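Dear colleague,

Please find below the structure that I am handing over to you.

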Amino acid sequence: MDYFFYPSSVAVFGSFKKGAIAYEILRNIVEGGFEGKIISVNPKGGSVEVAGRTFEIRERLDEPVDSAIIAIPAKFVPALIDEIGPRIRGAVVISAGFSEVGNEELERELVEKAKKHGVRVIGPNCAGIFGVHGKFFGSFEVRVKPGGLALISQSGAFGGAALAMGNDEGIGFSAFVSYGNASDLNESDFLEYFADDENTRAIALYIEGVKDGRRFLKALRYAAGRKPVIILKAGKSASGAKAAASHTGSLAGSYEIYRAAFKQAGAIEVEEMEELFDAAKAFEMYPKAGRRVAVITNSGGPGVLATDKLERLGLEIAKLSDETVDELRSFLPPQCSVRNPIDLIADADYERYKKTIEVVCRDENVDSLLVICVPPIFLPSEEIARAIIEADCDKPVIVNFMAGELVSEGVKLLEMHGIKNFSTPERAAKALAWLARR
C-alpha cells in the first residue's frame, strides 16, 4: 500500500472553489510539502491557485497516477472509478452517501468497478489519509509532525480530533488513515501494513466494529507481535452499538468478544482518548518496561498518589537495595525519605535530581523510574528537566512535571530531547503499566 502512504503522484477530484473539500485537500497536499506530481480534475476545467501555486484543472485524468482522492457526489463515484481505473492504483473515496445511509447497492457497485480494474479503495465516507514521512497530507484534517505513531480510525471526525490532540500532546505521527465504511480495505489491512512499515513504531486503532472477526484477530496478532497496538473501542454499550451502526454501517457486536480478542492478541486496550495518547507517548519513547518501579519526587503528595496508582495497576513499588539506600543517604539532606517513593523535598535542585536518578537506576531491583517535579517558584523547571536529560540512566524514565505555566519551559525542554511529559502522577503511572504489559 505504499502507493497510498508514499505516493509519487496523486490526482484530486472534486470542486476547487475555496472552502470545498477537494480544494482543502489540495491545499493540505501543497502546503504539506508533497514533492510528487499533483493533478486536479473537474469536468468544468479552469485553474485554481493554492498556497502561491497555480494548477490547471484538467477535465479528465489523462495519465497514470499512484492514487486518486475523490470528493464528488456519491452517485457519480462508481462511473468515475470505471473511467479512471486503468490509470490509478488506489482510490481514497471521501464522498459520503453509501452504506452508512442504507445505500448498499451504490457501495457494491463502487467496489465492483474498482475490482474490475484491480484498484484498491479506502472509504467511502472517510476523511482521507496522511503519509507523514512521504510529506503526503491527502486529507482535510490538521497536519501533524513526523514521528512513530500510525493512527487508524474508522471515524473521520475522531481521527481529526485525535490528530489535533496529538499535536497538543507533542506526539509525532508516521501515518493517518480514516477508512469509513471499509468497503474494500479495512482495519486488518492497515494493521498488517503498518506492522511492516519501517517508520511506524506504534499503532493506534479506533474501531466501532469489524466485519470479519477471524481476519481481524489474525491481523491484530501479527501487528501486536511486532509493535505495540493501542485500541480504543467504541460502541461497547447497547446504545453505543446502535449509534455505531448508523455512523459507519458497522456491526459493533458483543464487547466481551472484542475484549477477549484484544487480550488474546496482546493489544493494549484503553478506555478514552486521553489514555490513547498517553499510551502512544509511552510507546514512542520505549518499547516496554519491567514491573518494578522507583518513584522519585520533590513533593510527598504526588509521590503517594503515584504509588497508590502503580499498585492498583498491578505494578510493584521496587524495594531498593541496602547499598542504594546507603548511597542516597550519603548525599541527600536528612529530611529526605530514601525509601521508595524517594522524596527529595521541595528545594531539590539539578544535582539532587541527577544524582538520585543515576544511583536508583543502577539498582538491580529497579526496572523503571517515575520522576515527579512540582517546582517551587524560586526553582526553574528547566533545571530539573536538564537533570533528567543529562542523567546517566539506561532504564525507562517516565516524567510527571506539574502544573501549567509553572512547568511549561521545562516540559518544552524535555520534549526537545524526546522525553514526553505526563501531566498527573496517575497518568504517568498508567504509562508505566502499559509499557509493563508489553
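In these notes, buried means under 20% relative accessible area, exposed means over 50%, and partly exposed lies in between, with a 1.4 Å probe and protein chains only. This is a predicted model, in which local features need pLDDT of at least 70 and side-chain atom pairs count only at pLDDT 80 or more, while totals for chains, interfaces and linings use all residues. Residues are numbered from 1 along each chain as its sequence is written, and side-chain values use heavy atoms, with hydrogens and water left out.

Cysteines

A disulfide is taken as a pair of cysteine sulfur atoms within 2.5 Å, and the structure holds one. Its partners are Cys361 and Cys393, with sulfur atoms 2.2 Å apart. The torsion about their S-S bond is about 80 degrees, so the disulfide is right-handed. Helices (H or I, at least four residues) and strands (E, at least two) are DSSP runs, numbered from the N terminus. Cys361 belongs to helix α13 (residues 350-361), whereas Cys393 is in the loop between α14 (381-390) and β19 (397-401), so the bond ties together parts that are 32 residues apart in sequence. Cys361 counts as buried because its relative accessibility is 5%; Cys393, at 21%, is partly exposed.

Cys336 is in no disulfide, and the nearest cysteine sulfur, that of Cys373, is 14 Å away. Cys336 has 9% relative accessibility and therefore counts as buried. Cys373 is likewise in no disulfide, and its relative accessibility of 0% makes it buried.

Aromatic rings and charges

Rings of Phe, Tyr and Trp (its six-membered ring) pair if their centres lie within 6.5 Å; planes under 30 degrees apart count as stacked, over 60 as edge-to-face and the rest as tilted. By this rule there are 13 aromatic pairs. In one of them, Phe34 and Phe136 have ring centres 5.3 Å apart and planes at 55 degrees, so the pair is tilted. Phe34 lies in the loop between α2 (21-31) and β2 (37-41) and Phe136 in strand β9 (residues 136-139), so the contact ties together parts that are 102 residues apart in sequence. Phe34 is buried at 6% relative accessibility, and Phe136 is buried at 1%.

Tyr179 and Phe190 form another tilted pair, at 6.1 Å centre to centre and 40 degrees between the planes. Both residues are buried. Ring pairs also link Tyr3, Phe4, Phe5, Tyr179, Phe190, Tyr193 and Phe194 into a cluster.

A charge sits over a ring if NZ of Lys or CZ of Arg is within 6 Å of the ring centre and within 35 degrees of the ring normal. Lys233 lies over the face of Tyr258, 4.5 Å from the ring centre. The charged end of Lys281 is over the ring of Phe422, at 4.8 Å from its centre.

On a 1 Å grid over the protein atoms alone, a cavity is a set of points where a 1.4 Å probe fits but cannot get out; lining residues have an atom within 4 Å of a point. Grid points are joined across faces, edges and corners, and a volume is the space filled by probe spheres set on the points. The count comes to one cavity of 30 Å³ or more, and the largest cavity has about 50 Å³ of space. Ten residues line the largest cavity, and the closest to its centre are Ala182, Glu187, Gly209, Val210 and Lys211.

With kind regards

How values were computed: 1 Å grid on protein atoms, 1.4 Å probe; cavity = no way out; pocket = protein on both sides within 12 Å on 5 of 7 lines; lining within 4 Å.
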